[in-house]
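Please look over the sequence and the model below before reading on.

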Amino acid sequence: NGSVVPVGLDLENPYTTPAETDVDIWIGYGRKIMDEKVNMHVSLNVRNLTDSEGFTALQANSDGQDAVFRIEQPRTFYLTTTFNW
């Protein structure tokens, strides 16, 4: 008949998602080079070691459907080298 019935939030039964654990790791190595005049440091960083690619729901509508999503960043590797004189 075209009438709209408002739907309220059920505070006794909230919508939840499983817990998340995000892990980044790094390892580094340093040494003196060029007759002990230069400090060299090499570092390998890994971001999002445990995450998978895709979407993660951030919010849900009152009917339980996912409403807002976040794009998960892929696992990324960074290799950096620094020199200090």
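The points below are grouped by topic.

This is a predicted model, in which local features need pLDDT of at least 70 and side-chain atom pairs count only at pLDDT 80 or more, while totals for chains, interfaces and linings use all residues. Residues are numbered from 1 along each chain as its sequence is written, and side-chain values use heavy atoms, with hydrogens and water left out.

**The sheet**
- Strand S2, residues 38-47, pairs with S5 over nine bridges, and serine 43 stands opposite threonine 80 in S5.

**Valine 68**
- Valine 68 belongs to strand S4, residues 66-72, and is partly exposed at 33% relative accessibility (buried is under 20%, exposed over 50%, partly exposed in between, with a 1.4 Å probe and protein chains only).
- Leaving aside residues up to four places away in sequence, valine 68 touches Thr56, Ala57, Leu58 and Gln59, contact meaning heavy atoms within 4.5 Å.

**Aromatic pairs**
- There are two aromatic pairs (ring centres of Phe, Tyr and the six-membered ring of Trp within 6.5 Å; planes under 30 degrees apart are stacked, over 60 edge-to-face, the rest tilted).
- Phenylalanine 55 and phenylalanine 69 are edge-to-face, with centres 6.5 Å apart and 75 degrees between the planes.
- Phenylalanine 83 and tryptophan 85 have centres 6.4 Å apart and planes at 45 degrees, so this pair is tilted.

Conventions. Pairing = 2+ DSSP bridges. Helix = DSSP H or I, 4+ residues; strand = E, 2+ residues; numbered from the N terminus.
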